[in-house]
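This report describes a protein chain from its overall make-up down to selected side-chain contacts. The sequence and the structure come first.

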Amino acid sequence: MLLAIGTCAMAQYPLAQGENQLNVGFGFSSWGLPVYIGIDHGVHRDISLGGEVSFRSYRERYKDYRYNHTVMGASFNGNYHFNTILDMPVDRWDLYAGLNVGFFYWSSPKNYPGGHTSGLGLGAQLGGRYYFSSKAAINLELGGGNAFNGGKIGLTIKL
């Protein structure tokens, strides 16, 4: 009986209009291991808008020298959630795709001869979440065009 009640309680859109969710996790990159935290807001049952901050620090060997780098970023995203159009079960899965734009500050030593620069980045993402409870999900996102390059994996918590 408790299982039936819990399943029925989750029969709603992954991020309903007016709801917020917190995302935290790690990114995939050839420049260190980024960590991120972000929030998404449901503006429609199929559309969310959000923001995110990220940080990474890594060490690079260039010729015979080692250089320490730091990359910090802030970005905004918009996603379309495909659950309605694909007639997916909304109580467990959330499949989405969207665009993001952000600014990334790349800090390298003054004597670094390489070409890392700060700047504006535009990217795209394709992601999914699996809700293992009514409030929590694991997420995986693949993308490119920004400082994350490969994607992200993390935890989503409905607020």
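A residue is called buried when its relative accessible area is under 20%, exposed when that area is over 50%, and partly exposed in between, with a 1.4 Å probe and protein chains only. The model is predicted, so local features need a pLDDT of at least 70 and side-chain atom pairs count only at pLDDT 80 or more, while totals for chains, interfaces and linings use all residues. Residues are numbered from 1 along each chain as its sequence is written, and side-chain values use heavy atoms, with hydrogens and water left out.

## Overall make-up

The chain contains 1 helix and 8 strands, and its elements run α-β-β-β-β-β-β-β-β from the N terminus on; here helices (H or I, at least four residues) and strands (E, at least two) are DSSP runs, numbered from the N terminus. Of the 159 residues in the chain, 36% are buried.

Contact means heavy atoms within 4.5 Å, and among the contacts in the chain with a separation of 6 or more, 52% are between residues 24 or more positions apart.

## Salt bridges

A salt bridge is a side-chain nitrogen of Lys or Arg within 4 Å of a carboxyl oxygen of Asp or Glu, and a search of the whole structure finds 5 of them. One of these joins E52 and K152, whose closest N and O atoms are 2.8 Å apart. This pair links distant parts of the chain, with E52 in strand 3 (residues 47–62) and K152 in strand 8 (residues 151–158), 100 residues apart. Both E52 and K152 are buried.

Another salt bridge brings together the side chains of R129 and D94 (3.0 Å, N to O). Because R129 lies in strand 6 and D94 in strand 5, this pair ties together parts that are 35 residues apart in sequence. R129 is buried at a relative accessible area of 4%, as is D94 at 2%, and D40, D94 and R129 are linked in a network of salt bridges.

## Surroundings of H81

H81 lies in strand 4 (residues 65–81) and counts as buried at 6% relative accessibility. Its side chain makes a polar contact with the side chain of D94 (2.8 Å), a polar contact being a pair of N or O atoms within 3.5 Å, where within protein one must be able to donate a hydrogen and the other to accept it, and residues adjacent in sequence count only if both atoms are side-chain atoms. Leaving out residues up to four places away in sequence, H81 touches D46, I47, S48, D94, L95, Y96 and R129.

## Aromatic rings

Rings of Phe, Tyr and Trp (its six-membered ring) pair if their centres lie within 6.5 Å, with planes under 30 degrees apart counted as stacked, over 60 as edge-to-face and the rest as tilted. A search of the whole structure finds 4 aromatic pairs. The rings of Y67 and Y112 form an edge-to-face pair, because their centres are 5.0 Å apart and their planes stand at 75°. Y67 is buried, with a relative accessible area of 7%, and Y112 is buried at 12%.

The pair of W93 and Y130 is tilted, because the ring centres are 4.8 Å apart and the planes are at 55°. W93 lies in strand 5 and Y130 in strand 6, so this pair ties together parts that are 37 residues apart in sequence. W93 counts as partly exposed at 42% relative accessibility, and Y130 counts as partly exposed at 32%.
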